[in-house]
Amino acid sequence: MDVYKERNHFFVTKTHSVIKKYSLSPVTAVAHSNIALIKYWGKRSVEYNLPAVGSISLTLDALHTKTTLQFSDTLKEDQLILNDQDATASALKRVSDFLDITAGSSDRPKAKVISENNFPTGAGLASSASGFAALALAAGKGMGQSLSDEALSRLARMGSGSAARSIYGGFSEMQLGTKDDGSEDFAVPLYDENYWDVRLLVAVTSDEKKELGSTEGMVRTTKTAPYYEHWVSSHPNDLREMRQAIAEKDFEKTGELAEHSCFKMHGLAMAAKPPILYWNAATTETIHRVWILRKSGVPAYVTIDAGPQMKILCLPESVDAVKDTLSEINGVRSVIEAKPGPGAYIMETVNETII
Ligand code: DP6
């Protein structure tokens, strides 16, 4: 790799006559977390991170990751600061590998990355979704690439499958491709954040990092769960029904389908060997309490990801009733109210150097 500096602002590399221009100025990107209403669980390729099933999600305004990245011509290794602390070696490796993928080679200038979540990390609140969506945007811009939303979504997917959907605001759908290299596996927008004013209340039941990450959980499920083939073959129908329910703004149908997909996914994971159970006592208690509330006439539906946190989908007029119910549950530590949120964006501020 030949390297030369251009007017102190860029780091230009030339490998096999391919010229790349890395910005030496910091770039900041923000991406919001998303919650799947029809769940992704299982991979058809671990190497390219290709989901085995499509998914439909809602991006949330209240949960976000802000990531600043700066390439340097002096750093010897990548650095990652996550929520004000030096990241673990495994988190740093995941980010370095992702930057290599974005650059198309490990022969690139090193970067410092500072990332902050405004919510508990790694506890089933989709921090990898907002994290890799923000990183894809910041890295692409830092590398001087002008990427379409489709290309950004494909890139984010390589970091984490759910991140592909956080490129967009509102409702989006992760599509499955047919090619082995994943070039067709990216998310597409369905409706933006102004389409339908639904609410998602996140009941935090633990601040602990989950014991089993979603990647490991999916690999184990794919290999050992006896109903796995049926999960995959019945999925297109769940997606079709959800697309229609959202198109018709049929809240009851949307909630029923979301709950069904949630329990189908967790039932499948529980049937893996050894079993995967992400819930704690407060998770189970909350499920029952939301169902009792629903019987009393309040349309509220639960969904749960790879962690013990509860997410309750409801309409604006039901928020107070759901919050009252949650406040009575031992083990619900805090409640975050979210509306449909925006897609990922670059913060157009003049950033101070972070190196
Ligand atoms: C239960 O996107 O975290 O939240 O692709 O291995 O990084 P990797 O998995 P990840 O899995 C998300 C699983 C889920 C359901 C969903 O968001 O669709």
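Reply: Helices and strands here are DSSP runs numbered from the N terminus, where a helix is H or I with at least four residues and a strand is E with at least two. This is a predicted model, so local features need pLDDT of at least 70 and side-chain atom pairs count only at pLDDT 80 or more, while totals for chains, interfaces and linings use all residues. Residues are numbered from 1 along each chain as its sequence is written, and side-chain values use heavy atoms, with hydrogens and water left out.

Me: OK, where is E173, then?
Reply: E173 sits in strand β11, which covers residues 171–174. Because its relative accessible area is 8%, E173 is buried; that word means under 20%, with exposed meaning over 50% and partly exposed in between, using a 1.4 Å probe and protein chains only.

Me: And how many residues apart in sequence are E173 and G54?
Reply: They are 119 residues apart in sequence, yet their C-alpha atoms are 7.2 Å apart in space.

Me: What about F119, is it buried or exposed?
Reply: F119 is buried, since its relative accessible area is 6%, and it belongs to the loop between β10 (110–117) and α2 (127–142).

Me: Show me another pair.
Reply: F251 and Y301 are also edge-to-face, at 5.9 Å centre to centre and 65° between the planes. Here F251 is in helix α6 (residues 251–270) and Y301 is in strand β14 (residues 300–303), so to speak two distant parts of the chain, 50 residues apart. Both of these residues are buried, and they belong to one aromatic cluster together with F171, Y191, Y195 and W196.

Me: Which residue lies over the face of Y195?
Reply: K249 does, at 4.4 Å from the ring centre; a charge sits over a ring if NZ of Lys or CZ of Arg is within 6 Å of the ring centre and within 35 degrees of the ring normal. K249 is in the loop between α5 and α6, and because its relative accessibility is 40%, K249 counts as partly exposed. Its phi is near 50°, a positive value in a residue other than glycine. Most residues other than glycine have a negative phi, and most peptide bonds are trans.

Me: Where does a cis peptide bond turn up?
Reply: It joins K273 and P274, with omega at about -10°, and P274 is in the loop between α6 and α7 (281–295).

Me: Back to helix α5, what is its reach from first C-alpha to last?
Reply: Helix α5 (residues 228–247) has 20 residues and reaches 29 Å, close to the expected 28 Å, where the expected span is 1.5 Å times one less than the number of residues. A kink of about 40° lies at S234, shortly before the proline P236; the bend at a residue is the angle between axes fitted to the seven residues ending there and the seven starting there. Among the buried residues of α5 are Y228, W231 and S234.

Me: Last topic, the ligand: which residues come nearest?
Reply: Of the 18 residues around the ligand, Y40, K43, G161, S162 and T215 come nearest, and a residue is near a molecule or strand if one of its heavy atoms lies within 4 Å of it. A backbone N or O atom of G161 is 2.7 Å from an oxygen atom of the ligand, while a polar side-chain atom of N49 is 3.2 Å from a ligand oxygen. For R94, an N or O atom in the side chain lies 3.3 Å from an oxygen atom of the ligand. A polar contact is a pair of N or O atoms within 3.5 Å; within protein, one must be able to donate a hydrogen and the other to accept it, and residues adjacent in sequence count only if both atoms are side-chain atoms.

How values were computed. Rings of Phe, Tyr and Trp (its six-membered ring) pair if their centres lie within 6.5 Å; planes under 30 degrees apart count as stacked, over 60 as edge-to-face and the rest as tilted.
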